[in-house]
Amino acid sequence: RDGAENTAIGANVGLNYTLFNGFGRVSTYRNLQNQFQLSLLQSRLVSENSVMEAISAVLQVQQLYVQKQLALENIQISKERLEYSNYRKETGVGNSIEVSAAQVDLGTDSLALIQIENSLSKELNKLKLLLGVDIETELKIKNEIPVPVLGSTEEIKNSIQNNTQILIAQINQVLALENTKLANSRRL
């Protein structure tokens, strides 16, 4: 009909309470605790990886410094060889092929030095970025880095117990068990 209205009002109040859910709440609580521990370990692993990346960059810079020193020595040897070859040619004992070969070697050694200096510059910039210092800052790298030696079985045992990746694997194993318990509690 036209103009007909319905004025019914309804209200419902419901209350549900689960008396026993197969220890699901306990499993959920433990699961959340383990996930919290897992997130802490994962952030610790990120920090450790950052430190390892910085150490690797320092070692790479050290290696490039050594290579640069060797390249400088090679250039010095090539210069001496070129002078010797020129002297031999002037005295009539040598020939121009010997001089040309010495010039090519000097050019090759100079090119190697330029490549090493470019690599060194890139690695230094990478290290500065990892350390969070300004690009214009001059870094001094020591030739030797002290490395602690694990001697006793207790030190080795402690290092294995505190290994972040092992701890993450253990937490993941516990989480899998808790998820299995949670699934069983839903079935119950």
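Modeller: A residue is buried under 20% relative accessible area, exposed over 50%, and partly exposed in between (1.4 Å probe, protein chains only). This is a predicted model, in which local features need pLDDT of at least 70 and side-chain atom pairs count only at pLDDT 80 or more, while totals for chains, interfaces and linings use all residues. Residues are numbered from 1 along each chain as its sequence is written, and side-chain values use heavy atoms, with hydrogens and water left out.

Biologist: Why is K68 called partly exposed?

Modeller: The relative accessibility of K68 is 24%, so this residue falls in the partly exposed class. K68 belongs to helix α1, where a helix is a DSSP run of H or I of at least four residues, numbered from the N terminus. Leaving aside residues up to four places away in sequence, K68 touches L113, I116, E117 and L120, a touch or contact being heavy atoms within 4.5 Å. From K68 to I135 there are 67 residues in sequence and, C-alpha to C-alpha, 21 Å in space.

Biologist: What makes R88 and V26 partly exposed?

Modeller: R88 has 23% relative accessibility and therefore counts as partly exposed, and V26, at 36%, is therefore counted as partly exposed too. Both lie in helix α1, R88 as well as V26. R88 touches V93, G94 and E98, again without residues up to four places away in sequence, while S56, which is 32 residues away from R88 in sequence, lies 47 Å away in space, C-alpha to C-alpha.

Biologist: Why does N31 count as buried?

Modeller: The figure for N31 is 8% relative accessibility, so N31 is counted as buried. N31 sits in helix α1, which covers residues 24-90, and touches L175, E178, N179 and L182, not counting residues up to four places away in sequence.

Biologist: Which residues touch the most other members of the largest nonpolar core?

Modeller: A nonpolar core is a set of buried Ala, Val, Leu, Ile, Met, Phe, Trp, Tyr and Cys residues joined through side-chain atoms within 4.5 Å. The largest one here has 16 residues, and V61, L82, L120, L124 and L127 touch the most other members. Helices α1 and α2 (96-131) each supply at least two residues of this core, and the largest share, eight residues, comes from α2. L127 touches A54, A57, V58, V61, L139 and I141, not counting residues up to four places away in sequence. Apart from this core lies another, of seven residues, including L45, I168, I171 and L175.

Biologist: What makes α1 roughly antiparallel to α2?

Modeller: The two helices pack at an angle of about 165°, with their axes 8 Å apart. That angle makes α1 roughly antiparallel to α2, because angles over 145 degrees count as roughly antiparallel, under 35 as roughly parallel, 65 to 115 as roughly perpendicular and the rest as oblique. The axes are lines fitted to C-alpha atoms over the stretch in contact, and angles run from 0 to 180 degrees between N-to-C directions.
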